[in-house]
Amino acid sequence: WWRSVEPAAKDPILGVTEAFLADPTPTKVNVGVGAYRDDNGKPVVLECVREAERRIAGNKNMEYLPMGGSLKMIEETVKLAYGEDSDLIKDKRIAAVQALSGTGACRLFADFQKRFCPDSQVYIPVPTWSNHHNIWRDAHVPQRTYHYYHPESRGLDFSALMDDIKNAPNGSLFLLHACAHNPTGVDPTEEQWREISYQFKVKGHLAFFDMAYQGFASGDTERDAKSIRIFLEDGHLIGCAQSYAKNMGLYGQRVGCLSVVCEDEKQAIAVKSQLQQLARPMYSNPPVHGALIVSTILDDPDLKKLWLKEVKGMADRIIGMRTALRENLEKLGSPLSWEHITKQIGMFCFSGMTPEQVDRLTSEFHIYLTRNGRISMAGITTGNVGYLANAIHEVTKS
Ligand code: LMR
């Protein structure tokens, strides 16, 4: 049966983790996958999560969740994206289901798109998180791209982005990163979001927001939802994928949410039922533990406050590492400008290094990162920043 099966290509992000783990060198550094580390390079379990675990330990049953997941978790999660006082919530216009983190939310949405708008396409930014391409490919939705990053300025190519929005056929579907764009660390300004939203209105486009890093851009979850709020103010019907992998450190728990704004409650009921029906043959219903942790935290004002403080703490440590990496490179006398390290935001720095330079970092210095030159700032510590800067300087100086 399986004679024709060839090994699959390595995943450009998770394959880096595999290579890192296989390297016995003690000084190795992993700045590949976007996973937060403390200043000792260790994975972090947030204190609010530990406390939630203590509270739920031993006193919950293990029954199936409903097909759409934990209602409490969904209720709290939707508030984070749409705002505590959102009229859409009051009017029950949001169809939302628990999803297997951000990836699962995007995939469920892509399958929904294919089922109900079989001739539609998705516009994806260049570049984007590599898995976005896999997700919409496997859902059999044709992909188009739109301009986003401007390599020369290491910033946003706003005019090309606007041109692509204008030139796309009316009623196109665009995937947008709500904040802390992965991999570039470059977001539109508030003013630019307003222009984007306005142009979406003119063209009748639909925005699907992937919000995997809420809290990581500014340290403030409310501020990081600004792009979405602008679209809502303009009356768009949006879709949104949310994840607790990064901002609650629940990576392996696979807990997130997919929401779709509908015209009225009746439509929301229909959409939710269809999302559930898509989930049923794939995984039946989502896992319970991560959802319990999230709802325990968000339902308790003190735990929620602690969470928000811890999110800010993670974002601030990353900002500190941006400054440290840039200063180290400048002190080494690098002839290149490294201003973008501190200008970009979120978990990643899109360094501008070529795949060949990245290969040298890995083979000569045992530093692991994706070949597009993306550095996960969360993997940098006061202990390794000097070593990393020196290695980057060595491979980029000539
Ligand atoms: C990343 O971009 O590194 C993360 O989103 C992890 C992943 O699943 O790729």
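**Reading the packing of helices H7 and H8**

Me: In this predicted model, what is the handedness of the crossing of H7 and H8?

Reply: The crossing of H7 and H8 is right-handed.

Me: What describes two packed helices in general?

Reply: Two packed helices are described by the angle between their axes together with the distance between those axes. Here the pair consists of helix H7, residues 158-167, and helix H8, residues 190-203, whose axes come within 10 Å and cross at roughly 15°. Angles under 35 degrees count as roughly parallel, and H7 and H8 are therefore roughly parallel to each other.

Me: Which residues of H7 and H8 meet?

Reply: On the H7 side they are Phe158, Met162, Ile165 and Lys166, and these meet Gln192, Glu195, Ile196, Gln199, Phe200 and Lys203 of H8.

Me: How does the radius of gyration of the protein chain relate to that of a compact globule?

Reply: A compact globule of 398 residues would have a radius of gyration near 21 Å, and the protein chain, with 21 Å, agrees with that expectation. Buried residues make up 46% of the 398 residues, and, among contacts between residues at least 6 apart in sequence, 76% join residues at least 24 apart.

Methods
Residues numbered from 1 in each chain as written. Predicted model: local features only at pLDDT ≥ 70, side-chain atom pairs only at ≥ 80, totals over all residues. Axes fitted to C-alpha atoms, helices over the stretch in contact; angles between N-to-C directions. Helix = DSSP H or I, 4+ residues; strand = E, 2+ residues; numbered from the N terminus. Parallel < 35°, antiparallel > 145°, perpendicular 65-115°, else oblique. Left-handed = near helix turned anticlockwise from the far one by under 90°. Contact = placed C-beta atoms within 7 Å. Rg over C-alpha atoms; globule rule 2.2 N^0.38 Å. Buried ≥ 20, exposed ≤ 12 C-beta atoms within 10 Å, placed from the backbone.
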